[in-house]
Amino acid sequence: MTQRLNELRRSLLVSLWFMLLTFPIMVIRVNTITGTVRWRWTNLAVIGIGSFFISVVWRYAMQRKAGEAQAVGILSRVGERVGAGTKKIGAVLDIPKVRTRLVGGLLAAAVAYPFLNSMYHTNIMITALTYVVLGLGLNIIIGLGGMLHIGYAAFYAIGAYSYALLNMYFGINFWLALPIGAALAGLFSLLIGLPQLFGIDMRLQQTTVFVYFIMLAVVILTIFVVHRLENSRIGRQWVAMKEDYIACQAMGVSIAKAKLTALGIGAIWGGLVGVIFAARTTFINPASFTVWESVIILSTVVLGGMGSIPGVFVGALVLMLLPEYLRPFAQYRMLIFGALLVTMMVFRPSGFIKKRRKAYTITEAERQSVIKAELEDDGEVEE
Amino acid sequence: MVLDVQKLTMDFGGLRAVDHVDLHIKHGEIVALIGPNGAGKTTFFNCVTGMYKPTGGEIGAGRPEAEIQSIKGLRPHLITKHGLARTFQNIRLFPEMTVLENVMLGRDCRLTSGILGAIFRNPRTRAEEEQVVKDSLVILHKIGLENWANEAAMNLPYGAQRRLEIARALATEPFLLLLDEPAAGMNPHETRQLVELIRRLRDEENLSIFLIEHDMSLVMNLSERIYVMDYGKLIASGKPEDVKKDPVVIKAYLGEDVSA
């Protein structure tokens with residue numbers, strides 16, 4: 001009981017502190033023309049009550065989180081329900097039939113999207129899909145490779161990276177990589193420029209639909225590649241590296257190479273989308289690739305769920321679509337954004353959709369057959 | 001000879017942790033390095049396996065059928081690739097990966113498939129992945145862990161975790177297995193099983209074995225030659241029965257039951 005009182009007292013202090021801090025901007029208003037001062041006391045009251053209330057809720061939630069073992073409160077019960085719910089959904093999703101149908105349905109919806117919605121919505125979706133790819137690309141670096149990267153927007157600069165990768169993996173030197181890098185970038189811009197190339201006279205509406213489908217194809221390609229990488233030798237290296245990097249290098253894995261690979265492959269998507277972005281907007285300048293861009297992309301990964309493909313997908317869609325459709329609240333966007341991030345970090349640090357790693361498992365039959373073959377090799381089978 | 005260490009020295013700032021230590025291991029030998037706490041055993045181990053870059057001296061190693069090459073100062077993954085595999089004093093498995101995946105990771109340094117192979121999943125990559133699973137299962141079978149193959153490594157009982165570390169090291173195809181206190185934390189029964197396992201591996205897998213150990217009964221029972229370190233220096237070496245009687249060793253171990 002005394003602890004409760006203590007908490008209340010602290011919340012009271014917080015609200016007093018807030019009232020003091022915001023006093024000059026929220027309460028006093030000087031009218032420079034008439035030279036009068038207006039005192040807006042109601043604002044003070046609102047801030048006081050508001051911050052007190054938020055503080056109490058916050059403290060309560062934090063306490064719940066701390067004492068999860070004996071937690072019986074509403075918040076934790078909701079949390080449990082949600083947890084159990086996602087588990088159930090996860091279990092249902094594991095059924096191959098359900099999975100195929102779901103993916104098929106999503107795909108159909110995605111294909112139909114530009115025809116059912118206006119150009120405005122299609123354009124917004126293109127931006128969102130752009131960030132899906134960027135998020136998935138960055139996810140290779142952060143979620144799989146286990147490196148924090150806050151300058152992902154720089155990877156928009158495709159030329160630099162097509163050179164670096166061609167050089168790294170195929171040993172192609174600068175002068176040869178230059179045209180190849182240009183060709184790669186060119187290939188995508190060609191794809192976008194196709195309508196003009198063949199003299200197809202597309203109206204703006206059609207061009208938008210065209211770009212939308214390019215973006216959709218890139219998203220599918222990204223998911224495909226990420227999925228393949230996860231379930232491969234390099235994917236195994238990444239998991240091991242994150243779990244214990246000393247043991248990992250002691251087992252003969254070059255950490256430098258594994259990390260560089262993650263960075264390189266992650267960067268490719270940045271470059272790819274960079275080309276599409278440039279071709280779509282037909283205008284880029286350094287202001288298109290600011291730190292803020294990187295922060296947004298990073299947020300999509302962190303919010304969505306590091307390492308989880310559907311997580312990043314959801315994260316990017318939420319972060320990109322919400323602000324567009326919440327234009328009326330545009331001025332609070334950053335505020336909501338910040339609050340969302342902090343809340344997520346406290347209550348769901350693994351993101352909207354937690355990564356579920358597909359472990360390599362073998363069936364009993366496989367096991368038996370291998371062991372039997374081994375014994376026969378050694379001539380140890382007696383029966 | 002599979003390992004030849006000459007005048008190995010390792011300084012940390014002003015502290016000389018390993019001081020001109022000579023040590024060699026012949027093919028098929030089981031050799032132990034012992035000494036009181038802080039004698040520099042683990043530092044010596046870390047120099048050989050590339051975790052530390054030695055300040056001075058020379059380390060040569062090579063498969064019994066090949067020439068000895070210098071491995072001094074090489075990075076750990078290259079030393080593993082050269083054929084020296086280690087386990088850790090405080091178990092370092094990949095806890096959330098399955099037992100099978102742990103061993104598969106050990107196979108990694110013998111694989112060749114790359115990123116394009118992973119993306120296009122060409123026949124060669126698929127064949128290699130299938131082979132990895134088979135090889136790993138065979139190794140698990142040898143170590144007696146195949147029933148745990150699908151279990152996360154962290155769910156294994158302690159003794160089994162230690163054995164899994166050995167399985168993972170074996171997967172790298174070593175000619176020299178370096179075991180850092182393999183019996184630490186084991187009960188007498190598990191220790192007996194471990195002695196059997198190590199002997200069997202030496203005989204069946206054409207291995208040489210180098211271990212650091214505190215458990216005197218295990219050392220005296222298992223090893224064919226012993227090196228004793230104290231304060232970074234080698235103070236004795238020889239057969240177990242000779243080392244046991246050596247007054248210098250007894251003095252270093254004063255109070256400890258060497259004859260146990």
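Two residues are in contact if their C-beta atoms, placed from the backbone, lie within 7 Å. Keep that in mind as you look through these views of a predicted model.

**View 1. Neighbours that cover helix α12 of chain A.** The buried residues of α12(A) are covered by parts of chain A that include α5 (119-144), α13 (309-325) and α14 (333-347).

**View 2. Helix α12(A) from end to end.** This helix runs through residues 291-304 of chain A, 14 residues in total. From its first C-alpha to its last, α12(A) reaches 20 Å, close to the 20 Å expected at 1.5 Å a residue. Just after the helix comes G305(A), with a positive phi of about 130°.

**View 3. The buried residues of α12(A).** How many of the 14 residues of α12(A) are buried? The count is 10, and the helix is mostly covered. Among them are S294(A), I296(A), I297(A) and L298(A). The buried residues also include S299(A), T300(A), V301(A), V302(A), L303(A) and G304(A). An α-helix has 3.6 residues a turn, so residues three or four places apart point the same way.

**View 4. Chain B and its fold.** Chain B holds 10 helices and 10 strands. Its C-alpha atoms fill a box of roughly 65 × 40 × 35 Å along the principal axes. A compact globule of 260 residues would have a radius of gyration near 18 Å, and the 19 Å of chain B agrees with this.

**View 5. Inside chain B.** Of the 260 residues in chain B, 47% count as buried. Among its contacts with a separation of 6 or more, 67% link residues 24 or more positions apart.

Definitions and conventions:
Residues numbered from 1 in each chain as written. Chains lettered and ligands numbered in written order. Predicted model: local features only at pLDDT ≥ 70, side-chain atom pairs only at ≥ 80, totals over all residues. Helix = DSSP H or I, 4+ residues; strand = E, 2+ residues; numbered from the N terminus. Rg over C-alpha atoms; globule rule 2.2 N^0.38 Å. Buried ≥ 20, exposed ≤ 12 C-beta atoms within 10 Å, placed from the backbone. Expected span 1.5 Å × (residues − 1).
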